[in-house]
Amino acid sequence: MRYEGAVYRPPSEARSLIIQATVGCSHNGCIFCNMYKGKQFHVRPIAEVMKDFAAARAAYPYIDRIFIADGDALIYQTEGLLAILDYIGSAFQNAGV
Ligand code: SF4
C-alpha cells in the first residue's frame with residue numbers, strides 16, 4: 001500500500017485495513033482540526049486504489065474490517081465508490097466496511 005502523509009482513523013478501526021481513496025479532507029476548514037492541514041486534497045485514481053486493495057489481498061490472508069480513508073472518502077465519484085465496494089465484496093468476503 002502507498003500512503004500519502006499521516007493516516008488517521010477512528011479508534012474503532014485500529015485493526016482495520018486502511019486504504020486511501022482520497023488524500024486529505026475536501027473541507028479542511030475546521031479550526032479545531034489539524035489532521036489534514038499539510039495535505040493538498042485530491043481524489044486518487046481508481047486504478048491506484050484498486051492496486052492497493054489487490055496488494056493487501058495478496059499480503060494478508062484474513063482481513064475482517066476495511067476503512068476507506070482519508071478525511072472525506074464519500075466525496076469519491078459514485079461509480080468509483082461502487083467499484084471499490086464491489087471489489088471489497090468479492091475479494092474480502094469476511095470484511096466489514
Ligand atoms: S477532517 Fe473533519 S474535522 Fe477535520 S477539517 Fe475535515 S471535516 Fe473538519
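Around the ligand stand C25, N28, G29, C30, F32, C33, M35 and Y36, where a residue is taken as near a molecule or strand if one of its heavy atoms lies within 4 Å of it. This shell divides into 6 nonpolar residues, 2 polar ones and no charged ones, on a scheme in which Ala, Val, Leu, Ile, Met, Phe, Trp, Tyr, Cys and Pro count as nonpolar, Asp, Glu, Lys and Arg as charged, and the others, Gly among them, as polar.

The model is predicted, so local features need pLDDT of at least 70 and side-chain atom pairs count only at pLDDT 80 or more, while totals for chains, interfaces and linings use all residues. Residues are numbered from 1 along each chain as its sequence is written, and side-chain values use heavy atoms, with hydrogens and water left out.

**Confidence**

The protein has a mean pLDDT of 93, and 98% of its residues reach 70 or more; pLDDT is the predictor's confidence in each residue, from 0 to 100. Confidence is highest in strand β1 (residues 17–20), at 97, and lowest in helix α2 (residues 78–91), at a mean of 94. Helices (H or I, at least four residues) and strands (E, at least two) are DSSP runs, numbered from the N terminus.

**The ligand shell and its loop**

A search of the whole structure finds 0 disulfides, a disulfide being a pair of cysteine sulfur atoms within 2.5 Å.

N28, another residue of the shell, is placed in the loop between β2 and β3 and is partly exposed, at a relative accessible area of 24%. The phi angle of N28 is near 50°, a positive value in a residue other than glycine. Most residues other than glycine have a negative phi, and most peptide bonds are trans. A cis peptide bond runs from A69 to D70, with omega near 10°, and D70 belongs to the loop between β4 and α2.

K39 also lies in the loop between β2 (22–23) and β3 (42–43), and K39 is buried because its relative accessible area is 14%. Not counting residues up to four places away in sequence, K39 touches E4, G5, A6, Q20, V23, G24, N28 and D70, where contact means heavy atoms within 4.5 Å. Strand β3 holds H42, which is partly exposed, with a relative accessible area of 29%. With neighbours within four places in sequence left aside, H42 is in contact with E4, T22 and V23.

**Pairs compared by C-alpha distance**

| Pair | Separation in sequence | C-alpha to C-alpha |
|---|---|---|
| K39 and S26 | 13 residues | 10 Å |
| H42 and S26 | 16 residues | 7.7 Å |
| R65 and D86 | 21 residues | 15 Å |

R65, named in the table, is found in the loop between α1 and β4 and is partly exposed, with a relative accessible area of 36%.

D52 has its place in helix α1 (residues 46–59), and D52 is buried, with a relative accessible area of 3%. Leaving aside neighbours within four places in sequence, D52 is in contact with M1, R2, I19 and R44.

The largest nonpolar core has 17 residues, and those with the most contacts inside it are L17, F53, I66, I68, I84, I88 and F92. At least two residues of this core are supplied by each of β1, α1, β4 (66–69) and α2, and the largest share, 4 residues, comes from α2. A nonpolar core is a set of buried Ala, Val, Leu, Ile, Met, Phe, Trp, Tyr and Cys residues joined through side-chain atoms within 4.5 Å.

Technical notes. Buried < 20%, exposed > 50% of the residue type's maximum accessible area, 1.4 Å probe, protein only.
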